[in-house]
Amino acid sequence: MTSNVKLDAVVKRYGARVATDQFSLVLEEGETIALVGHNGAGKTTLIKLVLGLIRPDAGTICVLGSDPARGDAEVRRSLGYLPENVAFNLALTGRETLSFYARLKGESGGVVRDLLEHVGLGEAGGRRVGTYSKGMRQRLGLAQALIGKPRLLLLDEPTTGLDPALRQHFYEIVRALRDEGCTVLISSHALAEMEGYADRVVIMDQGRKIADGSIDDLRRIASMPSRIRLRTAPGELQQVETHLGLNGCHRRLSDTTIEVNLASSQKIQFIHHAAALEDQVLDIDVLPPSLDELYAHFLNGRAA
Ligand SMILES: Nc1ncnc2c1ncn2[C@@H]1O[C@H](COP(=O)(O)OP(=O)(O)OP(=O)(O)O)[C@@H](O)[C@H]1O
């Protein structure tokens with residue numbers, strides 16, 4: 001694999017405040033990475049360092065083979081960036097806005113129409129940005145970030161303001177880019193929606209990296225219990241509890257639903273027993289820890 005981004009022991013201070021603290025990270029070609037952390041954890045600072053908009057006080061950064069602070073034109077053309085708050089000239093149309101950014105990136109105006117179509121703004125391209133909804137401006141921002149087929153895409157809170165259908169569409173665009181080999185770093189607080197799309201999750205807290213791995217890796221490291229949910233036949237709930245030896249280590253969610261928290265070592269045996277009660281247990285769901293739960297786990301561990 002080729003590493004598109006390498007940060008080694010990067011420190012960035014704003015006065016006495018340390019925004020990133022000995023932060024090391026490697027991002028490979030074709031990876032989608034979720035960067036998560038509380039407000040003020042240092043996510044935007046990290047993105048700005050990778051873009052070369054600010055310089056580190058210590059440590060080294062290499063982006064697409066060069067130091068981003070050098071502002072290498074070839075590297076800049078291969079970067080796409082969607083800032084947290086997109087600010088466009090409201091008097092320009094969507095098409096004029098994208099044409100402007102395309103020229104800045106040395107691309108022909110021919111890409112504009114396709115990009116507008118791609119983000120679902122084909123028909124609105126002739127309207128002034130001032131008349132766009134927040135979601136439309138966000139999509140225009142994404143189109144701007146996609147100019148020039150970037151090899152590295154940095155998206156800061158990209159789905160804020162998008163409705164569920166547009167979020168879905170947004171992640172489909174991200175998946176297609178990843179399949180073409182683009183590295184996509186997404187900073188977000190919307191953990192649930194990242195679950196199906198992120199190859200890796202990096203959790204930041206107070207400028208430090210406190211977890212880094214696939215969701216499965218994080219589940220293994222956290223070794224949190226899974227929730228097993230059983231649906232019983234009507235009137236059979238108590239029998240099932242007795243058969244399975246559940247002595248209060250479970251919750252009744254309804255007259256026919258029980259939930260049990262089990263460590264991975266106990267999970268298979270329990271499911272086996274429950275499945276054997278085939279007249280009484282109608283359904284078994286295994287709910288592994290969600291990204292929200294893992295996030296809380298790692299942050300609590302940090303606090304401890
Ligand atoms: N230009 C600046 N001057 C002074 N302090 C700053 C500056 N930019 C960021 N900081 C501080 O650095 C820390 C990290 O901020 P940063 O914006 O990187 O966090 P974040 O994780 O992106 O937060 P959010 O989720 O709220 O966007 C915070 O304590 C913030 O107050």
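I'll start with a definition: a residue is buried if 20 or more other C-beta atoms lie within 10 Å of its own, exposed if 12 or fewer, and partly exposed in between, with C-beta atoms placed from the backbone. Glu 193 is partly exposed, because 18 other C-beta atoms lie within 10 Å.

Before going on, two remarks on the source. This is a predicted model, in which local features need pLDDT of at least 70 and side-chain atom pairs count only at pLDDT 80 or more, while totals for chains, interfaces and linings use all residues. Residues are numbered from 1 along each chain as its sequence is written.

Let me stay with Glu 193. It is found in helix H7, residues 191-194. Helices (H or I, at least four residues) and strands (E, at least two) are DSSP runs, numbered from the N terminus. Glu 193 touches Thr 159 and Arg 167, not counting residues up to four places away in sequence. Being in contact means that the C-beta atoms of two residues, placed from the backbone, lie within 7 Å. Glu 193 and Leu 294 are 101 residues apart in sequence, and their C-alpha atoms are 14 Å apart in space.

Now the whole chain. Its secondary structure comes to eleven helices and 13 strands. Of its 304 residues, 35% count as buried. The C-alpha atoms fill a box of roughly 70 × 50 × 35 Å, taken along the principal axes.

UniProt, in an unreviewed entry, lists residues 5-231 for "domain: ABC transporter". UniProt positions are given in the numbering used here, feature names are shortened, and annotations may be inferred rather than shown by experiment. In the model, the span 5-231 is 33% helix and 29% strand.

Next, a sheet. It is open, has three strands in the order S2-S1-S4, and its pairing is antiparallel. Two strands pair if DSSP finds at least two bridges between them. Why is one side of S2 and of S4 left without a neighbour in the sheet? Both strands stand at the edges, each with a single partner strand, so one side of each has no neighbour there. Strand S1, residues 3-14, is joined to S4 by five bridges. One of the residues involved is Val 11, whose bridge partner in S4 is Ala 58.

Strand S5, residues 79-82, is covered on both faces: Leu 79 and Tyr 81 are buried on one side, Gly 80 and Leu 82 on the other. In a regular strand the side chains alternate between the two faces of the sheet. S5 pairs with strand S6, residues 152-156, in the parallel sense over four bridges. Leu 79 has Leu 152 as its bridge partner in S6.

Strand S8, residues 200-205, is mostly covered, with five of its six residues buried. In the hairpin of S8 and S9, two residues lie between the strands, and Gln 206 takes a positive phi near 45 degrees.

Last, the ligand. Which helix gives the most to the shell around the ligand? That is H1, with three residues. Strand S2 (17-28) and helix H1 (43-51) each supply at least two residues of the shell. Residues around the ligand include Tyr 14, Gly 42, Lys 43 and Glu 84; a residue counts as near a molecule or strand if its C-beta atom, placed from the backbone, lies within 6 Å of it.
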